[in-house]
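Hi there,

Here is the structure I promised to pass on. Have a look at it first, and then read my notes below.

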Amino acid sequence: MGYTRQVGEDKILQDNLTIIAGRHSLKMGYEMIRTAYSDKAGSLPSGQYNFSGGASLPFAQNTGNDFAAFMMGAVTSATFTKQLAIFMPRQWDHELYFQDDWKAAPNLTLNLGVRWSYFSPYKTKYDQQSQFDPTVIDPVSGRMGAITHPKGPIGKRDLNNLQPRLGLAWSFRPKWVFRSSFGTMTIDSAGTGGFDEYAGNFNILQPTGDPRHLFELQNGLGR
């Protein structure tokens with residue numbers, strides 16, 4: 001059977017401050033998150049085998065018994081997977097905000113604020129990233145376009161994620177309140193690609209239309 005392991009860790013530092021001055025309630029805060037994961041994908045180095053009863057009886061469709069093929073060890077297809085590296089992404093998250101709840105009038109409150117966020121591009125602990133580069137010659141095919149392994153983060157930093165927040169609460173009549181709000185939100189996901197070369201797969205299949213089994217387990221792979 002295969003083995004898999006997934007471990008996640010978030011280290012969080014957070015602080016908030018509130019100051020009340022007259023009609024103003026000033027709020028500010030900062031949060032930092034350090035994210036680290038260790039993902040060992042499932043692998044089957046000994047193989048996964050499929051059996052089909054019809055394959056043991058050439059050119060006789062819908063005949064035979066799958067369990068009988070299993071008892072004889074007649075394999076019709078097999079898949080082997082191997083873990084090549086452990087996926088260990090690392091990321092920083094910084095969040096900063098400032099807000100002023102201003103009571104402009106006895107029946108009118110304004111909420112004015114801004115938020116700034118920064119998510120660092122993904123990278124791995126040992127710089128095991130891969131990326132397709134269309135300007136590089138593939139050493140196998142000799143054509144343009146090849147998988148490269150750059151060091152450091154693949155994506156670019158984005159430091160312009162300013163997110164304004166506006167709100168209003170207006171009591172225009174007794175027992176009646178009008179509320180409205182506006183905000184801009186950003187989501188960073190730069191550099192999340194390029195982590196596909198952590199496992200190798202090898203499939204053994206018969207050519208389409210060939211009803212024979214590939215091999216018998218007692219004889220090993222044989223190919």
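Which residues make up the largest nonpolar core? They are Phe51, Ala69, Ala74, Val75, Ala78, Phe80, Ile204, Leu214 and Phe215, nine residues in all. Strand S4 (residues 74-83) gives the most to this core, with four residues. By nonpolar core I mean a set of buried Ala, Val, Leu, Ile, Met, Phe, Trp, Tyr and Cys residues joined through side-chain atoms within 4.5 Å; buried is under 20% relative accessible area, exposed over 50%, and partly exposed in between (1.4 Å probe, protein chains only). Strands are DSSP runs of E, at least two residues, and helices are runs of H or I, at least four, numbered from the N terminus.

Please keep in mind that this is a predicted model, where local features need pLDDT of at least 70, side-chain atom pairs count only at pLDDT 80 or more, and totals for chains, interfaces and linings use all residues. Residues are numbered from 1 along each chain as its sequence is written, and side-chain values use heavy atoms, leaving out hydrogens and water. The chain has a mean pLDDT (the predictor's confidence in each residue, from 0 to 100) of 84, and 88% of its residues reach 70 or more.

Tyr37 sits in strand S2. With a relative accessible area of 40%, Tyr37 is partly exposed.

Best wishes
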